[in-house]
Each structure stands twice: as C-alpha cells, then as structure tokens.
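Hi,

Here is the structure I said I would pass on.

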Amino acid sequence: MLIEETLKRIQSQKGVQGIIIVNSEGIPIKTTLDNSSTVQYAGLIHQLVMKARSTVRDIDPQNDLTFLRVRSKKNEIMIAPDKDYFLIVIQNPSD
Amino acid sequence: MEIVHVYTKLRSEFGRQCLLSDRPAELLVDVPPDPSLALQFIQKTPRDQALQACRDMSEHQVNTERFESDSCGINHVEGGWPKDVNPQEVEQTIRFRKKVEKDESYINSILQLGSVMEHCIRQNNAVDIYQVYFEEEEEVEEAPDAPSAKTINVFRDPNEVKRTVTGLSWHPDGGRKLAAAYSCLEFQKTSKDMSLDSYIWDIENPNRPEMTLKPASSLICLDYNPKDPHTLVGGCYNGQIAYWDTRRGSQPVEVSSVEQSHRDPVYKIIWLQSKTGTDTFSASTDGQVLWWDVRRLSEPTERLVLDLSREGNLDRALGAISLEFESTMPTKFMVGTEQGVVVSCNRKAKTPAEKIVCTYDSHHGPVYALQRNPFFPKNFLTVGDWTARIWSEDIKESSIMWTRYQMSYLTDACWSPVRPSVFFTVKMDGVLDVWDILFKQNEPTLSLKVCDEALYSLRVQDNGRLVACGSQQGGATLLEISSGLSTLQKNEKSLLAAMFERETKREKILEARQRELRLKERSRSEQSREEDVGREDGEDSPDQLISRAQKDFYSVVETELRRRRDREDQENRRRRVPAFPGANPSLDRFLLEPSGASCSQCS
C-alpha cells in the first residue's frame, strides 16, 4: 500500500537500478534485484553499515549514522539505516 | 630554629579603637647564613631549568612483528534467518517475509527512510558532483623530488640452508614475476642438504614462491625468453643448460647433455634474437661460449673458444664470466672475462678466428657485469674490482668515464631502461648505489644500504621503477625508485650524448698523444742505438752497471748539497742586513727566518 507506492516512486527516479530492504540481521525482506545479487548486497552492506555506525558512535557517542553513500566508478550505493531495517538503493548517477 | 614574636595586650584595652602611629623599622631577628650548611650542597652554576605548564608526554615507537598473510576465498552461505526458518525452503522464507511486511514498525521506518532516500536520489540526478571541471588544464610539472628508494618487499629463501641469489630475471610481460636463481658459489661450501631449487616469485606475494624450478644442479643464472613469457632457460653449476616451460611444471623440459656442455659453472645465459626465437648462448669460466637451440639441447649449435691468440686453444682461453647482447645490434656481442678483459666478438664471422674482433683491458679482476647503454649502444658499462667503468666502443685503450675506487667490491650493475644517464650498482657491503652521471660523476646520487650481507645480483624492471637485488643469504629485495630517477628528463639524451662524445674525444686525444710519445721514444732509442754501435752488444757487466749507478747517485747528492749551501749563504747574507733602522737585530732573526727552510727541496 503505502510502502508499495514509496518503493514505486523511488524505482521510477532516473538511474535507479535496484532497491533492497534488509532487516537488522541481514535478511533481505524486499528486493527488486535477482536473488544472488540481493543476498550478496545484503550480507556485505550489512557489515559495512555496522562498521560505519560503530565508527561514528566511537568518535562521538551522541552521534549516529543517518545516511551512507558509497560512490564507485560504475554506480552509487545509497544506504538509509534505521534501528531495525535499512533501505539500500543502487543508482547510476546522472551522466 | 624557632623565631617567636610575642605580642601582649591588656584585657581592659580590648575593643578600643586602634591608634596607628609611625614607628621606625625594628630589626627583630637577623639570621646570618651558616657556611657550614653550604658544605652539604654541591653548587651547580649555571643551571638550566625549563618551565612549561603542560602534560608530560613520551614518544614511543612500535614495530609489529612480521606476520604472514594468506589470501583465500570464502564461501558465503545465507544466514541470519531465525532458527525456525530454513533458508533453503522457499515457502518458509516467503512466509517470514510476509510476516515482517505486516509489522507496523516496518511500515513506519520504511516510509521515513523512503523520503530520506528520495531526497538523495533527486540530489544525485540534479547535479553531478564529480564532474570534471578543468579538463584542459595542463599538468603542472612537479618539482623534482629528492632521489629516494623504498623497499617494497623482501623475498626470502624458504629453505633452511640459505643460498646466494646469483641470478635474477624479470618476467617480460609487465614484470609481475621475478625469477631468481639460487646457488652457492663459494668454493666447497655447498652442503649435502642444500636445496637445488630456484624460484619464481610473484611480487605481490613474498610469503611463498609462485613456482619452483627443480634443476639437476643448482642454477647460477637464468633468463626469461623475451618473446615467450612462459619459457626460461637456466645455466647450472655443473655446466649444463636447462630449459623450462612454466606451463609444464617444475622439472626442466630439456637439459643439455653433460658431455657437450660446459666444464665449469655457467655464469651467464642470454636469449638471442632469431627467427625461431629459440636460440640462446651461454658463457662459462671454462673459456667457451656455446650457442644452443632449445629445441635440441643435446649439443650446442656453435662453439667459440675465448682464446685471444685465435687458435682455439682451450688451455689458453680466458674464462668468461659475463655476456652481453643487445637486440638492436644482433651481430655483435661482448664477453667479460675473469682476467679482466672484455672481448668483443662478431657473430657472423666465417671462421672462429675472425669471431674475436677486439679486446678491452678493463679491470684488475673479473668483469662481473657488462651491459650496453640501451639508448647509446656504442657505450657500455663494465663492473669489476672496485670500480665501474663506462667505455666507448671505439676507444680500446681505456674507459671514457670511471668511478672512484669504492670501499668494497662491486658485484653487479645495470643501466636504467628509461633514463640513459642512470645506472645501478651493488656492492659486497650490501649497498645499492644509483649513479646519475648527468647530475654527479664523483659519487652515487643515491646510496642505500639494502642489507647487512653482500649483494650479488641486480636487475631493473623494464619500467625503470622497480629494482630487484639478491643477497648472499638468499634474500631478494624489491625496491621502488623515486619518480625523479625513473622518468626521462628534458634534454637528457642530448646532454648525455654530448657528454659521451666529449669524453670519447678526450680519450682519443690522450690516446693519440700516447702514441706520439711512444713513437718519439722509439725513434730516440733507435737513434741512441745507432750511436752506440761501437759499444759492445748485449748487457753491460754488473760492475759497470754498479759503477755507473754510483756515479749517478753521487752526482745527484752533490748537486743537492751544493744547492743547500747556496741557499744558506743567501740566508746569512740577508740576516746581516737589518729589516728597518733601529730594530733589534736579535729579533730580525725571527722576522726574516724563511718559512720554507723546513720543507725539503727536490729537484
């Protein structure tokens, strides 16, 4: 319902290649990519987010991670973390 | 000691107002210093005492122990699922997912995350933050940084008994691999359990060699085929040549027969340029240079005996220790010998006698390294005894440039493949020297102590940045040279060409002058011989020689004594005349004492 709309809206943006929703244990809940890529992204990005979050909090315990962008040569992986879930979007930036 | 001041006030006067009045100072106590106490202290003057209000800190260096790391793959298995869900079962996973999707907190958090995400996506689409703004700007030339070299890796001999790295060869395709030949060249120092293997190392992995080469006897030198990066050829301690194909394993594909090979260890083997790409030649201290076709190693295709009298006599041949071949000059090659002579030869000569073209008397000891400058093939570098010398092919009498006599023996050298004026040498005290003759000729531009033991071999990779040197304890060190020494500078070739020409001309002039002097000597001695026709032929008797020597000696001594007497007379005459009127004559002696009286006079 609401979630479907949100995800559809995101998917329709220019350059978006895929969306994955992962829970705090690394299990992909919803995805628009194929299974093997999803599992790979979910596992790897989960570790990365944990590390990034602990880094931010180590430096300043009052601080917390709000958004994480990983820009690579071919695309950009954007991760929006939350307490229990995170939303991963892979986008090909404008060019 | 207690100093007490007693103050009294009547009780009835308490509470009364204070009436202040002036009073002169009253000395209550005077405590003079007690000198006996001073004896308990040591006086220290001056005293430097730094004062700073800050925390105490200390500096501490830590070096981690070397640890071996290994790369291996990991097999990922899906996990994280709660215990009751089996990840393989599609139904169970779907059911789990549906359950989560119905959760309220899930819906809330995803909505919130969704809006954040959308904002960022739109941001990305709006502006490309990594757009290249200044594409046409030319690269600013950086100031040349100070020459330096950094050790990247050390490849150590994995065996217990360490052997010397006597030969090194870079993989021709990009230089990602380094082949090293290990052997023990010290006389009778080889032990029975010394391994015979040589290794090919991948420069990224110093922990374990990528491949082992197992010859029948330890390899002294080896060379990668520049045309085919899978094949290598190596020369063994027992004189045989072995040919490997890395695709076919560690054992040599073919080994030359013992009867037809060298009789002494093969010190150098190089691939030749030929249509078939299978020709090599090898040199050894038994005085022979043999040509081989690797398809048929049972016997050499050609043989050359380094006999300078051109008779092919093995007994009088010079032992060869280094070889040189430049693919731009395929008909010529040079051999460096144990006797310090460099022999230049022509491959295409018809008879063996004509093969040897000329010789250069180069060093006092064996010529350990010999290489033509890749940019100026007419000039070559030789290394032996304690110097490195640069020669021009045309001047046979002496080298055109040479280094000072170094503190320790030079064992190997090579030119940089990118910069014509740079060459590298290694010494027995473990030092790697980088010489840039356009910058400094007297001493190396960069001198690095690579290790404590002697360095025996050296090879530069084709890109000019990586240098590998091998030590006595079996460690091959890989160094990276700073960009200043490995990038071609402006005008370098023309400057170096001018320098070589100038030095060659100087040597030619010197040679011509020497020849003139010799001619003059000869003509003079011929003339004097004609005058002494009356004299008896043959040598004078010993008595006559002695009397002649005596006469010469006495005449020299007498002329010297006479000269000294004259000088003393001069001094005495000078002393009798005072320097200025009224001066103390006794002081004149000190004023006028000639300062050169003490130095000995020689004619």
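Starting with chain A: of its 95 residues, 45% count as buried (buried is under 20% relative accessible area, exposed is over 50%, partly exposed is in between; 1.4 Å probe, protein chains only). Before you read on, note that this is a predicted model, where local features need pLDDT of at least 70 and side-chain atom pairs count only at pLDDT 80 or more, while totals for chains, interfaces and linings use all residues. Residues are numbered from 1 along each chain as its sequence is written, chains are lettered from A and ligands numbered from 1 in the order in which they are written, and side-chain values use heavy atoms, with hydrogens and water left out.

Chain A has two helices and five strands, in the order α-β-β-α-β-β-β along the sequence. These are DSSP runs numbered from the N terminus (helices are H or I, at least four residues; strands are E, at least two).

Helix H1 of chain A is worth a look. Its buried residues are Ile3(A), Thr6(A), Leu7(A) and Ile10(A). Seen down the helix axis, they fall within an arc of 90°, so they line one face of H1(A) (the arc is that of the directions from the axis to the C-beta atoms). An α-helix has 3.6 residues a turn, so residues three or four places apart point the same way. On the face turned away from the buried side, H1(A) carries the exposed residues Glu5(A), Lys8(A) and Ser12(A). The buried ones pack against S1, S2 and S5 of chain A, together with helix H3 (104–126) of chain B.

Now the interface. The contact (heavy atoms within 4.5 Å) takes 31 residues from chain A and 32 residues from chain B. The two chains bury about 3000 Å² between them, 61% of it on carbon and sulfur atoms; that area is the accessible area (1.4 Å probe) lost on putting the two parts together, summed over both.

There are two salt bridges between chain A and chain B (a side-chain nitrogen of Lys or Arg within 4 Å of a carboxyl oxygen of Asp or Glu). One of them joins the side chains of Lys30(A) and Glu101(B), at 4.0 Å from N to O.

Finally, a spot in chain B: Val460(B) sits in strand S26 (residues 455–460) and is buried, with a relative accessible area of 11%. Leaving out residues up to four places away in sequence, Val460(B) touches several residues, including Trp170(B), Phe424(B) and Leu466(B).

Cheers
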